[in-house]
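Please read them with the structure open.

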Amino acid sequence: MTATSETITVYAPKRLDSLTAPFLERDLEDKIQAGRLVVLDLTQTNFIDPSSADVLMKGLIKSKQRRARLSLKGVNPQVKLVLELAGILQHFRRK
């Protein structure tokens, strides 16, 4: 990223499931723009439905398409396990 790049933090909900995932998906859609670093803060997230982990993968794909970066912050052990089992944790930069 250049010195002019912008960092945006997106805060995930306490539970990421079929009810909350669409809102996070829209938020990421709006925030992921060229030249930005988007930090997805999962500090308060204590549950993630495996099927909702797809939202994170979609965000990662969008960030690559738009020449942005997406990283994770505050991944607790339970959420980490779900993301590892879904096979997507390895694709993210973590802070």
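1. Of the 95 residues in the chain, 38% are buried (buried is under 20% relative accessible area, exposed over 50%, partly exposed in between, with a 1.4 Å probe and protein chains only). This is a predicted model, in which local features need pLDDT of at least 70 and side-chain atom pairs count only at pLDDT 80 or more, while totals for chains, interfaces and linings use all residues. Residues are numbered from 1 along each chain as its sequence is written, and side-chain values use heavy atoms, with hydrogens and water left out.

2. The chain has 3 helices and 6 strands, in the order β-β-α-β-β-α-β-α-β from the N terminus. Helices (H or I, at least four residues) and strands (E, at least two) are DSSP runs, numbered from the N terminus. The radius of gyration is 12 Å, close to the 12 Å of the globule rule for 95 residues, so the chain is as compact as a globular protein of that length. That radius is taken over C-alpha atoms, and the rule is 2.2 Å times the number of residues to the power 0.38. Along the principal axes, the C-alpha atoms fill a box of roughly 35 × 20 × 20 Å.

3. Among contacts (heavy atoms within 4.5 Å) with a separation of 6 or more, 76% join residues 24 or more positions apart.

4. How do α1 and α2 pack, by angle and axis distance? Helix α1 (residues 21-31) and helix α2 (residues 54-65) pack at about 10 degrees, with axes 10 Å apart. α1 is therefore roughly parallel to α2 (angles under 35 degrees count as roughly parallel). On the α1 side, A21, L24, E25, L28 and E29 meet V55, L56, K58 and K62 of α2. The residues of this contact divide into 5 nonpolar, no polar and 4 charged.

5. T45 is in the loop between β3 (36-41) and β4 (47-48). Is T45 buried or exposed? Its relative accessibility is 1%, so T45 counts as buried. A polar atom of the T45 side chain lies 2.7 Å from the backbone oxygen of P13. Apart from neighbours within four places in sequence, T45 is in contact with A12, P13, K14, N76 and V79.

6. R15 lies in strand β2 (residues 15-16) and is partly exposed, with a relative accessible area of 42%. R15 and N46 are 31 residues apart in sequence and 6.2 Å apart in space, C-alpha to C-alpha. Leaving aside neighbours within four places in sequence, R15 is in contact with T20, N46 and F47.

Conventions:
Axes are lines fitted to C-alpha atoms, for helices over the stretch in contact, and angles run from 0 to 180 degrees between N-to-C directions. Angles under 35 degrees count as roughly parallel, over 145 as roughly antiparallel, 65 to 115 as roughly perpendicular and the rest as oblique. Ala, Val, Leu, Ile, Met, Phe, Trp, Tyr, Cys and Pro count as nonpolar, Asp, Glu, Lys and Arg as charged, and the others, Gly among them, as polar. A polar contact is a pair of N or O atoms within 3.5 Å; within protein, one must be able to donate a hydrogen and the other to accept it, and residues adjacent in sequence count only if both atoms are side-chain atoms.
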